[in-house]
Amino acid sequence: MSSLFAKIIAREIPADIVYEDDLTLAFRDIAPQAPVHILIIPKREIATVNDVMPADEAALGRLLRVAAKLAASEGIAQDGYRLIVNCNEHGGQEVFHLHLHLLGGRNLGPMLARQT
Ligand code: 5GP
């Protein structure tokens, strides 16, 4: 295992871990973009959405269930939140270990900022 997030899974670098199960790990983003900003990742090192295999379906389904569970425990489920998965350059992906951003705690506004 080599990616940054693989090192977090292996506890080789520190993170504020908020949830773990057999398939997934969730921890707070180091540079939060909202009052609640949690990254939920599959333990298997999948680089991007383009690399998802049929065998990953259970883990990826679990990501959504963990997101809902954490939204409830963080107190943002009723007001609402946003889930984001970035892919490659145009998607703005910086860490090549697939991850689901859970963002909430304030009104996040329109989905995309208008840029040209
Ligand atoms: P991406 O742009 O790839 O979708 O998102 C990567 C996210 O990982 C960014 O929101 C960034 O702040 C977060 N991140 C990068 N390095 C670290 C780290 O070492 N620890 C934590 N907890 N988050 C990180």
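**Stop 1: the ligand and its backbone contacts**

Select Gly-92 together with the ligand: a backbone N or O atom of Gly-92 lies 3.0 Å from an oxygen atom of the ligand. Keep in mind that this is a predicted model.

A polar backbone atom of Val-95 is 2.9 Å from an oxygen atom of the ligand.

How much of the ligand does the protein bury? Taken alone, the ligand exposes 520 Å², and the protein buries 85% of that.

**Stop 2: the shell around the ligand**

Show the pocket surface if your viewer has one. The ligand sits in the largest pocket. Two or more residues of the shell come from each of H1, E2 and strand E3 (36–42). H1 gives the largest share, three residues.

Which residues come nearest to the ligand? There are 17 residues around the ligand, and Asp-29, Asn-86, Glu-94, His-99 and His-101 come nearest.

**Stop 3: His-99**

His-99 is in the loop between H3 and E5. Is His-99 buried or exposed? His-99 has a relative accessible area of 7%, under the 20% cut-off, so it counts as buried.

Look at the side chain of His-99. A polar atom there lies 2.7 Å from the backbone oxygen of His-97. The side chain of His-99 also meets that of His-101 in a polar contact of 3.5 Å.

**Stop 4: Leu-98**

Leu-98 lies in the loop between H3 and strand E5 (100–104). Its relative accessibility is 5%, so Leu-98 counts as buried. Draw a C-alpha to C-alpha distance to Val-85. Leu-98 and Val-85 are 13 residues apart in sequence and 7.5 Å apart in space.

**Stop 5: the aromatic pair**

A pair of aromatic rings is described by the distance of the centres and the angle of the planes. How many aromatic pairs are there? The count comes to one. The ring centres of Phe-5 and Phe-27 are 5.2 Å apart and the planes stand at 75 degrees, so the pair is edge-to-face. The cut-off for edge-to-face is over 60 degrees.

Colour by secondary structure. Phe-5 is in helix H1 and Phe-27 in strand E2 (residues 24–28), so the pair ties together parts that are 22 residues apart in sequence. Both Phe-5 and Phe-27 are buried.

**Stop 6: Asp-21 and Arg-62**

Go to Asp-21, in the loop between E1 and E2. Asp-21 is buried, with a relative accessible area of 13%. Show the side chain of Arg-62 as well. The side chains of Asp-21 and Arg-62 make a polar contact at 3.1 Å.

**Stop 7**

Most residues other than glycine have a negative phi. Which way does Arg-11 go, positive or negative? Phi of Arg-11 is positive, near 60 degrees. Arg-11 is in the loop between helix H1 (4–9) and strand E1 (17–20). Arg-11 has a relative accessible area of 45%, so it is partly exposed.

Then pick Asn-88. Asn-88 is not a glycine, yet it has a positive phi of about 60 degrees. Asn-88 lies in helix H3 (residues 88–91). With 31% relative accessibility, Asn-88 counts as partly exposed.

**Stop 8: two glycines**

Select Gly-75, in the loop between helix H2 (57–73) and strand E4 (81–84). Gly-75 has a relative accessible area of 57%, so it is exposed. Now draw the C-alpha distance to Gly-104. Gly-75 and Gly-104 are 29 residues apart along the chain, and their C-alpha atoms are separated by 9.4 Å.

Finish at Gly-105, in the segment after E5. Gly-105 is partly exposed, with a relative accessible area of 46%. Where does Gln-93 stand relative to Gly-105? The two are 12 residues apart along the chain, and 23 Å separates the C-alpha atoms of Gly-105 and Gln-93.

Key
Residues numbered from 1 in each chain as written. Predicted model: local features only at pLDDT ≥ 70, side-chain atom pairs only at ≥ 80, totals over all residues. Heavy atoms only, no water. Helix = DSSP H or I, 4+ residues; strand = E, 2+ residues; numbered from the N terminus. Buried < 20%, exposed > 50% of the residue type's maximum accessible area, 1.4 Å probe, protein only. Phe/Tyr/Trp six-rings, centres within 6.5 Å; stacked < 30°, edge-to-face > 60°. Near = heavy atom within 4 Å. Polar contact = N/O pair within 3.5 Å; in protein donor to acceptor, adjacent residues only side chain to side chain. Areas by Shrake-Rupley, 256 points an atom, 1.4 Å probe, with all protein chains shown as cover. 1 Å grid on protein atoms, 1.4 Å probe; cavity = no way out; pocket = protein on both sides within 12 Å on 5 of 7 lines; lining within 4 Å. Sits in = over half its atoms within 2 Å of the grid points.
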